[in-house]
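Dear colleague,

I am passing on a structure that I would like you to look over. The sequence and coordinates come directly below, and my notes come after them.

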Amino acid sequence: MVGALGQDGTLLSRYLRSKGYRVVAVTRQGVLKSDGSVDTLDLLNMSGVEAFIAAILPDEIYFLAAHHHSSDQDAGDLGTLLQQSHETHGLRFLSLLQACAKRSPETRLFYASSALVFGHPESRPQDEATPMRPACAYGVTKLFGMGLCEIFRRDHGLFCSAGILFNHESPLRQQQFVSRKISKAVIAIKRGIQTELVLGSLDTEIDWSAAEDFVRAMPAVLALDAPRDFVFASGKLHSLREFCAIAFSTVGLDFRNHVKVAEALVVRKPRTIPLHGNPARLMQATGWRPEINFEQLVSGLVQAEMDRTR
């Protein structure tokens with residue numbers, strides 16, 4: 001599993017181990033051993049990756065690596081951001097594909113893509129047939145990874161499927177994500193550490209899911225008879241206002257007394273049509289259904305933050 005220490009990698013590792021899998025964790029530094037030490041592995045080194053794949057002959061590979069960049073951070077040099085994203089989302093995945101094609105052609109691969117491949121869509125909900133016109137470095141390079149899946153499916157016969165992941169949250173989210181920003185602020189306000197939370201437009205609508213639900217679907221996709229790409233989504237939109245209302249009410253507060261809207265925080269041109277996924281193909285093919293609804297997701301994030309800081 002590549003990206004084993006991120007949100008999705010941590011949750012997927014737990015889930016797979018509960019099903020009897022032996023998980024080999026690959027991080028930015030290399031292969032993580034059971035004693036916490038690391039064996040060096042550079043996924044940009046083709047010969048090293050090929051030797052690694054030949055040694056373990058994995059049944060499945062989950063490529064979850066991501067070069068995240070928050071919208072409220074300084075983008076810096078776009079060329080550098082694109083290069084770093086391209087290396088993470090594309091070139092490292094390419095090394096694994098080439099190694100599997102040569103040394104382990106029966107290996108099945110899952111590539112975690114993103115709803116950002118749709119850019120600013122012209123219709124909703126988006127599904128696997130929706131035109132993909134990414135408008136940011138993350139989306140552009142994730143689409144490149146999806147193109148690699150298609151090439152190696154067609155030309156090398158590899159079982160390689162991509163999941164187009166819409167927003168999915170858990171208590172493991174990093175602090176630059178708005179879900180974590182809100183849950184942290186709720187607890188701080190409840191405890192009197194701060195008095196208000198400043199956000200952009202509360203009318204922003206997002207297709208939110210629980211990351212725990214998504215990781216259950218990933219191995220189900222690799223268990224199918226043939227590789228295909230799938231949209232991973234709840235199929236439902238909820239506004240940032242709804243998120244705040246549930247989050248604050250979890251601790252007995254009214255968000256309207258604490259949330260301040262600052263239009264200056266809207267650093268990107270808003271989408272006319274929101275990212276809103278249609279998971280019908282995934283549900284029909286695998287039988288997968290989400291188990292955690294929006295209210296449970298949000299209240300769970302706040303409770304986890306409370307437990308973390310207690």
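This is a predicted model: local features need pLDDT of at least 70, side-chain atom pairs count only at pLDDT 80 or more; totals for chains, interfaces and linings use all residues.

Residues are numbered from 1 along each chain as its sequence is written, and side-chain values use heavy atoms, with hydrogens and water left out.

The structure holds 18 salt bridges, a salt bridge being a side-chain nitrogen of Lys or Arg within 4 Å of a carboxyl oxygen of Asp or Glu. One of them pairs R281 with E128, with 3.9 Å between the closest N and O atoms. This pair links distant parts of the chain, 153 residues apart, since R281 is in helix α8 (residues 280-286) and E128 is in the loop between β5 (108-114) and α4 (137-156); helices (H or I, at least four residues) and strands (E, at least two) are DSSP runs, numbered from the N terminus. E128 is buried, with a relative accessible area of 18%, while R281 is partly exposed at 28%, where buried means under 20% relative accessible area, exposed over 50% and partly exposed in between (1.4 Å probe, protein chains only).

A salt bridge also joins the side chains of R241 and D203, at 2.6 Å from N to O. R241 lies in helix α7 (residues 240-249) and D203 in the loop between β8 (197-199) and β9 (205-206), so this pair ties together parts that are 38 residues apart in sequence. Here R241 is partly exposed, with a relative accessible area of 35%, and D203 counts as exposed at 53%.

Within helix α9 (residues 294-309), E305 and R308 lie three residues apart, about one turn of the helix, and their side chains meet in a salt bridge of 2.7 Å, N to O. E305 counts as buried at 2% relative accessibility, whereas R308 counts as partly exposed at 39%.

Leaving aside residues up to four places away in sequence, I53 touches P58, I61, L96, A99, C100, R103 and S104, contact meaning heavy atoms within 4.5 Å.

In α7, the buried residues are L240, F243, C244, I246, A247 and F248. Their cover includes α5 (178-190), β8, β12 (238-239), β13 (259-261) and α9.

A cis peptide bond joins R124 and P125, with omega about -5°, and P125 is found in the loop between β5 and α4. L57, although not a glycine, has a positive phi of about 45°; L57 lies in the loop between α2 and β4 and is partly exposed, with a relative accessible area of 47%.
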